[in-house]
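Keep the model open as you read.

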Amino acid sequence: MELGTTLTRFLVEQQRKYKGATGDFTGLIADIATAAKVISREVNQAGLIDILGYQGVENVQGESVQKLDRFANELFIKVLSHTGHLIGIVSEEMEDILQIPKSAPKGKYVFLMDPLDGSSNIDVNISIGSIFSIYRRISEGDRATDEDFLQPGRNQVCAGYVIYGSSTMLVYTTGHGVHGFTLDPGIGEFLLSHEGIKIPSRGKIYSINEAYDALWDDAVCRYVSQAKQEKKTARYVGSLVADFHRNLMKGGIFLYPKDKSHLEGKLRLLYEAAPLAYIVEQADGAASTGTTRLLDVVPEKLHQRTPLIIGSLEDVRQAETFFKS
Ligand code: AHM
Ligand code: MG
């Protein structure tokens, strides 16, 4: 489709193209885009208004929550609760499942999100992002249950992220390729900028927090030294969406393995790793725990952590040989 097409028109055309499409995603993605525009505006103004700084509370992972995290969480909930498409929401910012209120129509999907990932970077003007994932519910009845959310990533029906960077972009997949839209702030519309994104099968970049090298397993040490021998270059923002987006565009590998102080890894399976894994596979890349395809991991807990190795297909396959040996 022509570059510059609005997201709304693209969604309508996609809905026409795929038989059996109900329009559920057209509505959901349009609503996600609305929330993204508001968050984008707030992120851009964060340096101007007194919205920075920790609020003095901790989220379910025991980390400090910044004001914009909470704002983004509440905004997504407000925008998505009344669409009629969802039955429940899980967020990094909430310990339990949020049930769609009794007053609102219920739908057949569940929504998972990290409403504002990398938020410690906001006050130093580094890109941050929102990540989301959608599954068809499994349970019946008028409440979402754990089993609706504890599905392997391969069951996702939609996943995406928004990056609030030098420009704001929305990137998503519904299983028919990965498409990217750039926000034109002048007209307030997301415009098609990247259709059918494919990640190069090999990249020059490796991204890992090398400060943890003393804590790494032998496999990680050996892989990173191999990457250096191959004259790869290191890039690590420390903001997952930014590190992932750069590698998706240019080719490369991102690793957040488990180590002696992150015994299960750091990143969350359901709303950080799995959505990006679905996107990268749709872009012909790969995602792994080191030994297992990430999308095949069956979650046991809503806020479960996982090791993550993600990026260009050949780079990820090569890294896996170190973890499997
Ligand atoms: P957050 O969800 O608390 O923002 O933490 C997730 C972030 C990711 O964006 C990033 O990839 C990772 O934490 C960086 O962790 P580290 O500082 O240990 O390298
Ligand atoms: Mg996060």
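**A buried loop residue, then the charges**

Asn121 counts as buried, because its relative accessibility is 9% and the cut-off for buried is under 20%. The model is a predicted one. Asn121 sits in the loop that runs between β5 (109-117) and β6 (128-136). Beyond its neighbours within four places in sequence, Asn121 touches Ile126, Ile128, Gly238 and Ser239.

Now turn to the charges. Side chains of opposite charge can pair when their charged atoms come close. The structure holds 19 salt bridges. One of them joins Asp24 to Lys108, with the closest N and O atoms 3.0 Å apart. This pair links distant parts of the chain: Asp24 belongs to helix α2 (residues 24-45), Lys108 to the loop between β4 and β5, and 84 residues separate them. Asp24 is buried at 11% relative accessible area. Lys108 is partly exposed at 38%.

Arg41 and Glu42 also form a salt bridge, again with closest N and O atoms 3.0 Å apart. Arg41 is partly exposed, at 45%, whereas Glu42 is buried, at 10%.

Lys232 meets Asp315 in a salt bridge of 2.9 Å, N to O. Here too distant parts of the chain are linked: Lys232 lies in the loop between α5 (218-229) and β12 (233-234), Asp315 in helix α8 (residues 313-324), 83 residues apart. Both Lys232 and Asp315 are buried.

Finish at the surface. Glu95, Asp96, Asp146 and Glu147 gather there in a patch of negative charge. Glu95 lies in the loop between β3 (86-91) and β4 (98-99). Glu95 is exposed, with 53% relative accessible area.

Terms used
Residues are numbered from 1 along each chain as its sequence is written. Chains are lettered from A and ligands numbered from 1 in the order in which they are written. This is a predicted model: local features need pLDDT of at least 70, side-chain atom pairs count only at pLDDT 80 or more; totals for chains, interfaces and linings use all residues. Side-chain values use heavy atoms; hydrogens and water are left out. Helices (H or I, at least four residues) and strands (E, at least two) are DSSP runs, numbered from the N terminus. Buried means under 20% relative accessible area, exposed over 50%, partly exposed in between (1.4 Å probe, protein chains only). Contact means heavy atoms within 4.5 Å. Patches are made of residues with over 30% relative accessible area and no salt bridge: like charges are joined within 9 Å, nonpolar side chains (Val, Leu, Ile, Met, Phe, Trp, Tyr) within 5 Å. Accessible areas come from the Shrake-Rupley method with a 1.4 Å probe; for residues, only the protein chains shown count as cover. A salt bridge is a side-chain nitrogen of Lys or Arg within 4 Å of a carboxyl oxygen of Asp or Glu. Lys and Arg count as positive and Asp and Glu as negative; His and the chain ends are not counted. The place of a charge is taken as NZ of Lys, CZ of Arg, CG of Asp or CD of Glu.
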